[in-house]
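Come along as I look things up, entry by entry.

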Amino acid sequence: MNAPRCDRTTAWAALAGHYEAHGRDFDLRGAFAREPQRFDTHAIEAPEVFGDLSKNLVDLTTRRLLVELAGECRLAERRDALLAGEPVNVTEGRPVLHTALRAPRGAAPLNERVGPAPFSDDVHGVLDAMLAYAEGVRADAGITDVVNIGIGGSDLGPQMAVRALQRYTEPRLTMHFASNVDGHDLVPILERLDARRTLFVIASKTFTTQETMANAAVARQWFLKQGGTDIARHFAATTTNVTAAAAFGITTTFGFWDWVGGRYSLWSAIGLPIAIAIGEASFRELLAGAHAMDRHFATAPAERNLPLMLGLLDVWYRNFHGFASRSIAPYHQGLARLPAYLQQLEMESNGKRVDLAGAPLPFGTSPVVWGEPGTNGQHAYFQMLHQGSDVIPVEFIAVREPAHGEADLHRKLLANCLAQSQALMLGKTPDEARREQAPTAGAAFDRAALAMHRAFPGNRPSTTLVLDRLTPRSLGALIAMYEHRVYTSGALWGINSFDQWGVELGKALAGALLARLQSRDTTGLDASTAGLLKRLTA
């Protein structure tokens, strides 16, 4: 698709001018004073997710110019191409159809110009078989522990979702996740298990992923040493390489397609541990929530399209304000692994330095994404968010109703969430700090200097996303929202959000160094690698 790169458009130039005239010194406190309806103006209601964008450094002109940028870059056409199954992963010549994994049987792709998806029956055939197997595991009193062995999207997605949906899980089953080739990950898990009561799920599309297959081999050896004999009963695989799985001894396999990227794969057979944990009905709700967000992304007008506006906001912050980082602060312990999941989703997708034609980009792309659940983060890194020298946009995620009965704890949690976004915006002037008592301050410390230590600059942007409850449906919608947001910013930057060549070089070098760690041969290595190899093998 021949669309202009974003920095070569009229809207980009207009945004640059608007930033210099109004954006650089935009004051949130003044904006709220001038705009009594600012909260309503900048709020977006999407399926299962409410977005408050009012505490961001934007006015109506900013929003209009960002929407114009999307228009000039033909974002709607790029979105439709994605949803229609066109080969938008151009470097690998593949479509990208994770949206098809959560579409109802027989439904057309979300680009209505095309007919029913020819692979819908295949998708639902695998889904039905996987869910039937999951229900069988859940009903099998002989299985008490399930160990998922994968890495990247084959680990982060299922692990994040199972933790988030803990209240929906089968209490008789304990779910374990091992991904790191470091034995300190898998071995302590195995030490707690009974081979006769354990099911292993090996998640590798090719059944050749180095870390996954190394851990799978250790698990198989442990199983046999513990007296296990029926590998076919105690091992299953989510893979397209049925032959390799059979050679391993696995007869139960569930496949997927080359248009399913790892970080977009929890909706596919890779979601088997999720299905085992939460059951068929809840897994289908997870898919339904994601599909509802897909339809929102496909049909909502730009100004009311939550993932699209978040993606546009990312471009505004990254390329005009120069913010290189974004912190994710979910105020729900169930979402503890969401920041790690989003790290892969965004940075592996958009951490690129060349455009679709291979030309180097003159601007920044993916921000660094990181975070921890509130309120833990408040006692760790929020000091920097409030008073550090860098401005870092924060994304708060709040859940209105808890899954527990401790109402007072939940009110305290929500109060902290609201207070942090308010404090980031309002700050505290030195005069305000000077008028306050500071019980822990040294008595001899200069009061004027102390006021500067205790002042907060404020005017620091944040977005708050609100779910009514953390359910399979709302989690599905939330994840799909982030997927489409990442595609939006990637499309505007003119990059391919669906390849990941950056992971290949390290893998290749690791394979070559593995033999050297045994032989201790350092011939031809650079001085640092040779010195470290000697140190580690001494």
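**Cysteines**

I began with Cys73, which counts as buried at 0% relative accessibility (buried is under 20% relative accessible area, exposed over 50%, partly exposed in between, with a 1.4 Å probe and protein chains only). A note before going on: this is a predicted model, where local features need pLDDT of at least 70 and side-chain atom pairs count only at pLDDT 80 or more, while totals for chains, interfaces and linings use all residues. Residues are numbered from 1 along each chain as its sequence is written, and side-chain values use heavy atoms, with hydrogens and water left out.

How far is the sulfur of Cys73 from the closest cysteine sulfur? I found 5.4 Å, to Cys6, which is too far for a bond (a disulfide is a pair of cysteine sulfur atoms within 2.5 Å). Cys6 is buried as well, with a relative accessible area of 0%. My disulfide count came to zero.

**Cores**

Next I looked up the largest nonpolar core, which has 116 residues (a core is a set of buried Ala, Val, Leu, Ile, Met, Phe, Trp, Tyr and Cys residues joined through side-chain atoms within 4.5 Å). Which residues touch the most other members? They are Ile276, Phe283 and Leu475. Helix α20 (residues 472–493) gives this core its largest share, 12 residues. Helices (H or I, at least four residues) and strands (E, at least two) are DSSP runs, numbered from the N terminus.

I also noted a second, separate core of 22 residues, with Trp222 and Phe235 among them.

Back at Phe283, I listed its contacts (heavy atoms within 4.5 Å), not counting residues up to four places away in sequence. They include Leu127, Met130, Leu131, Trp267 and Ile278.

**The five-stranded sheet**

What is the strand order in the open sheet of five strands? I read β4-β3-β5-β6-β7, with parallel pairing (strands pair if DSSP finds at least two bridges between them). β4 (174–178) and β7 (253–254) are the edges; each has a single partner strand, so one side of each is left without a neighbour in the sheet.

Strand β3 (residues 145–149) pairs with β4 over five bridges, and Asp145 stands opposite Thr174 in β4. Across β3, β5 (198–203) and β6 (235–238) lies helix α9 (residues 210–225), at about 160 degrees to β5. Here axes are lines fitted to C-alpha atoms, for helices over the stretch in contact, and angles run from 0 to 180 degrees between N-to-C directions.

**The six-stranded sheet**

I then turned to an open sheet of six strands, ordered β1-β2-β11-β10-β8-β9, with mixed pairing. Its edge strands, β1 (43–46) and β9 (368–371), each pair on one side only. On average, neighbouring strands here are turned by 20 degrees against each other, direction ignored.

Strands β8 (residues 325–331) and β9 run parallel, joined by four bridges; Ser325 has Val368 in β9 as its bridge partner. Helix α15 (residues 338–350) packs on this sheet, touching β8, β9 and β10 (394–399). Helix α17 (residues 407–426) lies across β8, β10 and β11 (462–467), at about 155 degrees to β10.

**A helix pair**

Last, I checked helix α4 (residues 60–72) against helix α14 (residues 306–321): their axes come within 10 Å and cross at roughly 100 degrees. That makes α4 roughly perpendicular to α14 (65 to 115 degrees; under 35 is roughly parallel, over 145 roughly antiparallel, the rest oblique). Among the residues that meet, I noted Leu66 and Leu69 in α4 and Leu312 and Trp316 in α14.
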